[in-house]
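Open the model in your viewer and keep the selection tool ready. Each stop below says what to pick and what is there.

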Amino acid sequence: IFGMLWFDVETNPSSKCAWRSSKTDNCNFLGQLISAGHANGVKMGIYSSIYMWESSMGSCSVGSSLPLWYAHYDGKRTFSDFRAFGGWTKPAIKQYNDKVGICGINADANWY
C-alpha cells in the first residue's frame, strides 16, 4: 500500500478534472499512464469501484495486471462481495466504510 502510486478512477463533477465521455479515450489514456509508470519503475495500483470503473472505462482491462483497491461500503471486512470487473478476478484491498469517526475526523476504513 505504501510507496505505491494509486490511480483513482472515479467520476468527478469538475469538468476540468473529469474523465472524457469516450471510454476508449479514457482506457487509452490510463494505458499511457501505466506504461510511463512501468518505464520509470513506479509501483502502481488502481482504486475504483465496479460502478465507477464501468462509468469511466467500460469493459477496459488495461490495468488488470495491477493490484485493485475497490470500494464497496457494506461495512464488512471480507472480499466475498467482490464481482469481477475491468479484468480483475480478485482484489488486493477493499474500502468497506467511508464514515469512520476517529479523533473527531471522518476517515475511510480499508481491509486487506
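**Stop 1: the disulfide**

Select Cys 27 and Cys 60: they form a disulfide, with their sulfur atoms 2.1 Å apart. Keep in mind that this is a predicted model. Now trace the chain on either side. Cys 27 sits in helix H1, while Cys 60 lies in the loop between helix H2 (50–56) and S3. The two are 33 residues apart, so the pair links distant parts of the chain. Both cysteines of the pair, Cys 27 and Cys 60, are buried. The count for the model comes to 1 disulfide.

Next, pick two other cysteines. Are Cys 17 and Cys 103 buried or exposed? Cys 17 is exposed, because its relative accessible area is 54% and the cut-off for exposed is over 50%. Cys 103 is exposed too, at 81%.

**Stop 2: the sheet**

Switch to a cartoon view. In what order do the strands of the open sheet lie? The order is S1-S2-S3-S4-S5, 5 strands with mixed pairing. S1 and strand S5 (105–111) are the edge strands, and each pairs on one side only. On average, neighbouring strands are turned by 30 degrees against each other, direction ignored.

Strand S1 (residues 5–8) pairs with strand S2 (residues 44–48) in the parallel sense, over 4 bridges. Select Trp 6 there: Gly 45 in S2 stands opposite.

Move along to S3 and strand S4 (residues 93–102). These strands run parallel and are joined by 3 bridges. Select Ala 71 and look across to Gln 95 in S4, which stands opposite.

**Stop 3: the helix over the strands**

Select helix H1 (residues 23–39) together with S1 and S2. The three make a right-handed β-α-β unit. H1 lies across S1 and S2. Against S2, H1 runs at about 150 degrees.

**Stop 4: the nonpolar cores**

In soluble globular proteins, nonpolar side chains tend to be buried together. Which residues have the most contacts inside the largest nonpolar core? They are Leu 30, Ile 46 and Trp 53, in a core of 16 residues. H1, S2 and strand S3 (68–71) each supply at least two residues of this core. H1 gives the most, with 3 residues.

Stay on Trp 53 and show what surrounds this side chain. Leaving out residues up to four places away in sequence, Trp 53 touches Val 9, Leu 30, Ile 46, Ser 48, Gly 58, Cys 60, Phe 85, Gly 86 and Trp 88. Cys 60, one of these contacts, is the disulfide partner of Cys 27 from the opening stop.

A second, separate core has 5 residues, among them Trp 6, Tyr 47, Ala 71 and Ile 93.

**Stop 5: a serine in H2**

Finish at Ser 56, which is found in helix H2. Is this serine buried or exposed? Ser 56 counts as buried because its relative accessibility is 3%, and the cut-off for buried is under 20%. Now display its contacts, setting aside neighbours within four places in sequence. Ser 56 is then in contact with Val 9, Glu 10, Thr 11, Trp 19, Lys 23 and Asn 26. Val 9 is one of the residues that Trp 53 touches as well.

Methods. Residues are numbered from 1 along each chain as its sequence is written. This is a predicted model: local features need pLDDT of at least 70, side-chain atom pairs count only at pLDDT 80 or more; totals for chains, interfaces and linings use all residues. Side-chain values use heavy atoms; hydrogens and water are left out. Two strands pair if DSSP finds at least two bridges between them. A crossover is right-handed if, with the strands pointing away from the viewer, the path from the first strand over the helix to the second runs clockwise. A nonpolar core is a set of buried Ala, Val, Leu, Ile, Met, Phe, Trp, Tyr and Cys residues joined through side-chain atoms within 4.5 Å. Buried means under 20% relative accessible area, exposed over 50%, partly exposed in between (1.4 Å probe, protein chains only). Contact means heavy atoms within 4.5 Å. A disulfide is a pair of cysteine sulfur atoms within 2.5 Å. Axes are lines fitted to C-alpha atoms, for helices over the stretch in contact, and angles run from 0 to 180 degrees between N-to-C directions.
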